[in-house]
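Colleague: Can you take me through this one? I would like to start with the charged pairs.

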Amino acid sequence: GPGGGASLRLCATRGAQDGINKPVIDRIIRVDHAGEYGANRIYAGQMAVLGRSSVGPVIQQMWNQEKDHLKKFNELMVAYRVRPTVLLPFWNIAGFVLGAGSALLGKKGAMACTVAVEESISEHYNNQIRTLIEEDPEKYKELLQVIKQFRDDEQEHHDIGLEHDAEATPAYSVLKTAIQLGCKAAIFLSERI
Amino acid sequence: PSHSYTGQGGQESEDYESEEQLQHRILTAALEFVPEHGWTAEAIAEGAKTLGLSVAAAGLFHSDGSELILHFVSECNTKLSELLKKEQKLVQLGEAEKKPIDEFLRHAVEARLRMLIPYIEKWPQALSVLLLPRNIPSSLNLLTSMIDDIWHYAGDQSTDFNWYTRRAVLTGIYNTTELVMMQDSSPGFEDTWRFLENRVADAMAMSNTASQVQSTGEAVVQGLMGAAVTVSNAETSRAVR
C-alpha cells in the first residue's frame, strides 16, 4: 500500500538559532518568564496591603529585583522567539490575590508566603541549571549565567523572609505546603501551555 | 549531507542521499505537473520521471497527495521567510524604508498568497486534503509557524497575551483572504488584495479601539479614586472643624 504517510519531515521556517535544543529552551524560558511575572504580581499584592507598614521598604526592594528579572526574561523571550504561556492573565490575578491574601494575614504571613515561593523558585532554577549543564554548558553559557544570578537573588529573598519572622506565622507549615503545591502546579502548567 | 561525484560517462550519481532528501526532490519535481494533473500520484509519477526515476516512485507517497501538498506549503513558507529576512536586512542596512505595520502585514500576506497563483485551480482540492484529520497536526503547525514568522519580521515583541491575540487575528486575515482568492476572478486578483487591505485596516482599528477602551477605563478609575479621596478629605476636614 502507500508508504511513508505524512512522516516526511518538513523544514521548520522558524529558528534563527541553529543548534540549540529548541523545545528545552522554549520550556525553560516560558516557565521562567511566567514565574517572574507571577512573583511580580505577588509582591504587588503584598505592597497593596503592607506598602505603608514597616516591612514596606523591604518588600518594595524585593519587588524591584523581580521587575528586573522580568525585564530580562522579556528580552530572552523575544531573542529566542519563545511564546508566553496562555495562562498569563490567570497568573496576573492569582499572583496578586496570593500576595494580598498572605499580607492580610499580617507581616509574618507575607514573609511566610515569600519564603515558600522563593524556596520553590530557587529549587526550580537549580533543576534548570542542572538540565542546561547536562545539555551543553558552553552553548548555553549566557542563559546559565542569568539563571544562576537569579537563583542567587531568589535565595536571598528567601533568607530575608526568614529574617523577618516568617516561621512565626500561625500555621506556618500548612501555609507553606499549600503555597508550594500551588507553585509546583503553576510550573507544570506554564511549561506546557 | 550528500556526496556526489561525476562518473566516467559524465553522469552524476549521488553517493549518499537520504531517503528524505530523495523524497523532497521528487515532490519538488512533481510540482511542475500539478496544474495539469492536480495533487495526485500522476503528478508525482511525472515528477519522478523527470528525475530519471521509475514512476513506481509515486508509490512512496499517499494517493491523496498529502505529502506533496504539505511539501509545497513548507516550501512556500520557507520562500516567504527568506524574502522577509532579505527585506529586513535591507532595512537594517538603511537601503530601504521600514514599512508601517499594516503595510508590512499586507505585503507579507500578499506575497505568500501570490505563490498559490500557478496552482490556483487545484488549490481548493489541496485545502480539503490539508483539513483531513490525519494532516491537521502538520498543516496547523505549518500555518502557525508562518504566521509567527510574519509577526517576527513585522517587529512584534509582545510577551503578554497580545502574542496570542495578534497571531489569532493575522491567522483569521490570512485564511479568509485565501478563501476569497479561491473565488476571485478579477484581473490580477485585485478584489482579493482589496479585501486583504480592508481586513488589515479593520484589525488596526480594532487594536486602536482596544487600547482606547483600556486608557478610558484607566482614566475613569483614576477619576473615581480622585473623587473618593476628595470626599474623604472633605469629610475629615469637616469633622475636624
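Modeller: This is a predicted model.

Colleague: Which side chains meet B:Asp156 in a salt bridge?

Modeller: One is B:Arg166, at 2.4 Å from N to O. B:Asp156 sits in the loop between helix H7 (136-154) and helix H8 (162-182) of chain B, and B:Arg166 is in helix H8, so this pair ties together parts 10 residues apart in sequence. Another is B:Arg167, with an N to O distance of 2.9 Å. B:Arg167 is also in helix H8 of chain B, so that pair links parts 11 residues apart in sequence.

Colleague: Is B:Arg167 buried or exposed?

Modeller: Buried, with a relative accessible area of 10%. Salt bridges that share partners join B:Arg167, B:Asp156 and B:Arg166 with A:Arg81, B:Asp148 and B:Asp149 into one network.

Colleague: And B:Arg166, how accessible?

Modeller: B:Arg166 is at 32% relative accessibility, which counts as partly exposed.

Colleague: How many salt bridges over all chains?

Modeller: The count is 18. Among them is A:Arg151 with A:Asp152, whose closest N and O atoms are 3.1 Å apart.

Colleague: What does UniProt place at residues 136-206 of chain B?

Modeller: An unreviewed UniProt entry puts "domain: COQ9 C-terminal" there. Over residues 136-206 chain B is 80% helix and 0% strand, with the end C-alpha atoms 30 Å apart.

Colleague: Switching to chain A, where does A:Gly161 lie?

Modeller: In helix H5, residues 141-163. A:Gly161 has 0% relative accessibility, so it counts as buried. Leaving out residues up to four places away in sequence, A:Gly161 touches A:Met111, A:Val115 and A:Ala166. A:Met111 is 50 residues from A:Gly161 in sequence, with 4.7 Å between their C-alpha atoms.

Notes
Residues are numbered from 1 along each chain as its sequence is written. Chains are lettered from A and ligands numbered from 1 in the order in which they are written. This is a predicted model: local features need pLDDT of at least 70, side-chain atom pairs count only at pLDDT 80 or more; totals for chains, interfaces and linings use all residues. Side-chain values use heavy atoms; hydrogens and water are left out. Helices (H or I, at least four residues) and strands (E, at least two) are DSSP runs, numbered from the N terminus. Buried means under 20% relative accessible area, exposed over 50%, partly exposed in between (1.4 Å probe, protein chains only). Contact means heavy atoms within 4.5 Å. UniProt positions are given in the numbering used here, feature names are shortened, and annotations may be inferred rather than shown by experiment. A salt bridge is a side-chain nitrogen of Lys or Arg within 4 Å of a carboxyl oxygen of Asp or Glu.
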